[in-house]
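Me: I have a structure open and would like to go through it piece by piece. Can we start with the metals and then move on?

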Amino acid sequence: MTATYKAIEVSKPGEFSQVQKPLLDPGPNQVRIRLAACGVCHSDSGTVEGLFPISWPRVPGHEVVGRIDALGSGVQGWAVGQRVGVGFLGGACGYCEFCRNGDLVNCRNQEFTGIHSDGGYAEMMIAKASGLMSIPDDLSSAEAAPLLCAGVTTFSALRNSPAKAGDLVAVLGIGGLGHLGVQYARHMGFEVAAIARGAGTAELAKKLGAHHYIDSVATDPAVALQELGGAKVILITASGGKTIAATFKGLRPGGVSIDLGVGPEPIEITSTDLIFGERKVAGALTGNPATGDTTLRFSALTGISPMIEPVPLKEAAAAYAKMMAGKARFRMVLVIRNGAG
Ligand SMILES: [Zn+2]
Ligand SMILES: [Zn+2]
């Protein structure tokens, strides 16, 4: 009899089902992981809504924490029993032009977890060893899960930004990414301005570490940022070209607006605002595995953790629906195994 494991797969756009899948051995340079937790991320919609070309059925999920259960041939540096994480980037190839130049994020042969291969809405998963991140003992699996995508994305963008300690950094949007972005920005030593819609988020933003709160309904956020001296960096965690355009003039000369939110809207900025002040617009795509390790270690050292709503694996469809409705506070996490995982 073949061993099987439980998984929540999407059989066609929008349709979840719970299935038993046969347990496979990891191939060369892969590991098999017994999963403890998996975060539910907005990018899962790439799979669930079929926004990417998907070969159905597919198990979504790319904020995965678990323990290595088996090693494929050729895997070095990882051991059975070790607690590891897998993020959106499935693992660099190591031989393409970008890998050879040290740019693992933009590897030409990078697969996306839960899109090109089965992800973490399951009890077991096979992953490429080159994409693994290591989880510090001080973080629980459920807390660590969202840090593997939402955490790495905000941490890496801030860490690679031109902002230095004491500079004004604005975080636009206090949601799954933004609530982590504010905490990282504060602990990296920046003066932090949080921007969100409505007065209701002010208290939370301050609690997360923001020095200033800007209600974008009541005030023009660009003007408010200029009154604070102008931002060196604006971290855009809400999707939409309009939010980038609305805050762009809040950048000080030489400042950069870094977009983390994917959306179809064009970004309408005048060349005047771009040139006079030498401002920039940039995109940032998650981070490499070493930056992931650092994100997790930095989080453990500084006491940064995501605000999560844990739910059992079998409630994956409901958790996904709640996240898509914008009702998650702030990350839904599927808890697959309790305790030390
Ligand atoms: Zn490569
Ligand atoms: Zn994600």
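Me: Which residues coordinate the zinc ion (ligand 1)?
Reply: This is a predicted model, in which local features need pLDDT of at least 70, side-chain atom pairs count only at pLDDT 80 or more, and totals for chains, interfaces and linings use all residues. Residues are numbered from 1 along each chain as its sequence is written, chains are lettered from A and ligands numbered from 1 in the order in which they are written, and side-chain values use heavy atoms, with hydrogens and water left out. The zinc ion (ligand 1) is held by the SG atoms of Cys93, Cys96, Cys99 and Cys107, at 2.3 to 2.4 Å. Donors are N, O and S atoms within 2.8 Å of the metal (3.2 Å for Na, K and Ca); water is not among the atoms, so sites may look incomplete.

Me: And how are the donors of that ion spaced along the chain?
Reply: The spacing is C-x2-C-x2-C-x7-C. Cys93 is in the loop between β5 (83-86) and α2 (97-100) and Cys107 in the loop between α2 and β6 (124-128), so the pair ties together parts 14 residues apart in sequence. Helices (H or I, at least four residues) and strands (E, at least two) are DSSP runs, numbered from the N terminus.

Me: Are Cys93 and Cys107 buried or exposed?
Reply: Cys93 and Cys107 are both buried. Buried means under 20% relative accessible area, exposed over 50%, and partly exposed in between (1.4 Å probe, protein chains only).

Me: What about the zinc ion (ligand 2), which protein donors does that have?
Reply: Its protein donors are Cys41 (SG), His62 (NE2) and Cys149 (SG), at 2.0 to 2.2 Å. His62, in the loop between α1 (45-48) and β4 (64-71), and Cys149, in helix α3 (residues 141-159), are 87 residues apart. His62 counts as buried because its relative accessibility is 2%, and Cys149 is buried at 8%.

Me: New topic. How many salt bridges are there?
Reply: The count comes to eleven, where a salt bridge is a side-chain nitrogen of Lys or Arg within 4 Å of a carboxyl oxygen of Asp or Glu.

Me: Which residue does Arg34 pair with?
Reply: Arg34 forms a salt bridge with Asp69, with the closest N and O atoms 3.7 Å apart. Arg34 is in strand β3 (residues 30-40) and Asp69 in strand β4, so the bridge ties together parts 35 residues apart in sequence. Arg34 is partly exposed at 34%, and Asp69 is partly exposed at 23%.

Me: What does Glu97 pair with?
Reply: Glu97 and Arg108 meet in a salt bridge (3.8 Å, N to O). Glu97 is in helix α2 and Arg108 in the loop between α2 and β6, eleven residues apart. Both Glu97 and Arg108 are exposed.

Me: Which residues are linked in a network of salt bridges?
Reply: Glu9, Lys21, Arg58 and Asp118.
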